[in-house]
Amino acid sequence: MGRPIVDRLVAAGYEPTVLTRRPAARAAAEASGVRCADTVRETVRDADVVFTVVFADEQLRAAALGEDGAIAAMPAGGVLVQHTTCDPATIALLAEAGAERGISVLDAALSGGPHDTAAGQLTLWVGGDENALGRVRPLLDSYASPVMFVGPAGNGQRIKLVNNALFVAQVGLAVDAVRLAGSLGISEEQILAAVQHGSGGSRALSSVAWIGVSAVGTRLAELMSKDMQAVRAAAMSSGADLGLIGDVLSSDVVQRQVLGAGTPPSRALAALSKAAPRPMKEGRPATNPPQPGVTFS
């Protein structure tokens, strides 16, 4: 997710400094003219705005907190824009550490994929200080639409976790719908191609049609298993009842076929699907003028 964000920011006239963990990603960034750094401190020490786009809570805490983290190294008055899907409790730690250093932390949970980012159509649910959001909105607008303010820090993650819980439950229902159709003599290809044009269609069903039922686990398990653990942790800490969504998430279909391992992905259904790899929303051209005087990481 980080690379298309960087590309959109560069196209809008910004000049990022990037820190990436994978040598291949760094080589590709440098080959395209993006400036790279070797440490967190070197990356953020002159930045007005810092973006974090890592995989899990542990990586986020390591990158942002502590003596070697971004918050300790950023100039006072800066803004940390946090995109990683995580436990809201992690956001609270970042916000507390930021307040001690005069750093505004924006909990900018995202929905969409690299194709949406490349089209400038990523969805952002942003919690935190609304004035800080106003300061960085031109940057966010270069790769995201809509950018929605959702209240205090942590609310972005809460909305994202509900969104992902609903998505995984819907994927599980779509997988089971294929089973039901098969018992009625309707093939996977037929039911998925047909229902996408009916009232039972959804982004989740279109994703299943594109991926193929047998490969859903391969494509979704690593990312969504982590997110579902965060959903359950957030519900437990707040005393919330997952209700019917929780029942679906605990079902054998979801646990085994969606959050478990599948066979290697197949694109055999792509020709029948509206979910070919493209943005979920129609793209639009960037409208923000270049801002080369703003530095960020």
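## One aromatic pair

The whole structure holds one aromatic pair. To pair, rings of Phe, Tyr or Trp (its six-membered ring) need centres within 6.5 Å. Planes under 30 degrees apart are stacked, over 60 edge-to-face, and the rest tilted. The rings of Phe51 and Tyr143 have centres 6.2 Å apart and planes at 70°, so this pair is edge-to-face.

Phe51 lies in strand 3 (residues 49–52) and Tyr143 in the loop between helix 8 (130–141) and strand 7 (144–151), so the pair ties together parts 92 residues apart in sequence. Helices (H or I, at least four residues) and strands (E, at least two) are DSSP runs, numbered from the N terminus. Both Phe51 and Tyr143 are buried. Buried means under 20% relative accessible area, exposed over 50%, partly exposed in between (1.4 Å probe, protein chains only).

## About the model

This is a predicted model; local features need pLDDT of at least 70, side-chain atom pairs count only at pLDDT 80 or more, and totals for chains, interfaces and linings use all residues. Residues are numbered from 1 along each chain as its sequence is written, and side-chain values use heavy atoms, leaving out hydrogens and water.

## A buried lysine

Lys160 is part of helix 9 (residues 155–183). Lys160 is buried but has no salt bridge (a side-chain nitrogen of Lys or Arg within 4 Å of a carboxyl oxygen of Asp or Glu). Asp227 is the nearest side chain of opposite charge, 5.0 Å away. Lys and Arg count as positive, Asp and Glu as negative; His and the chain ends are not counted.
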